Amino acid sequence: MAVPKRKTSRSNTRSRRANWKTTAVTLSACPQCREPKQPHMACPSCGTYAGRHYAAAERTEHQG
């Protein structure tokens with residue numbers, strides 16, 4: 001296993017972590033129910049994707 005040759009200073013660690021950013025999630029309207037959903041994923045409200053129904057993708061009451 002590789003071992004680091006030197007300790008990474010707090011300054012370098014914090015400088016590297018300063019560039020971590022979050023990005024907003026892109027949403028599109030579900031063609032079936034018009035609820036917002038992420039592209040290329042099954043709709044969490046109705047569970048459809050590409051004309052097929054996926055019951056496992058539907059969000060339950062406990063998931064929020």
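**Note on the predicted model**

1. The protein chain holds one helix and four strands (helices are DSSP runs of H or I with at least four residues, strands runs of E with at least two, both numbered from the N terminus). In sequence order the elements read α-β-β-β-β.

2. On provenance: this is a predicted model, in which local features need pLDDT of at least 70 and side-chain atom pairs count only at pLDDT 80 or more, while totals for chains, interfaces and linings use all residues. Residues are numbered from 1 along each chain as its sequence is written, and side-chain values use heavy atoms, with hydrogens and water left out.

3. The radius of gyration of the protein chain is 21 Å, whereas a compact globule of 64 residues would be near 11 Å (taken over C-alpha atoms; the globule rule is 2.2 Å times the number of residues to the power 0.38). The C-alpha trace spans about 55 × 25 × 25 Å along its principal axes.

4. Of contacts between residues at least 6 apart in sequence, 0% join residues at least 24 apart (contact means heavy atoms within 4.5 Å).

5. Buried residues account for 11% of the 64 residues (buried is under 20% relative accessible area, exposed over 50%, partly exposed in between, with a 1.4 Å probe and protein chains only). The accessible surface is about 6,200 Å², with 51% belonging to carbon and sulfur atoms (Shrake-Rupley method, 1.4 Å probe; for residues, only the protein chains shown count as cover).

6. Ala55 sits in the segment after β4 (52-53). Ala55 counts as exposed because its relative accessibility is 57%.
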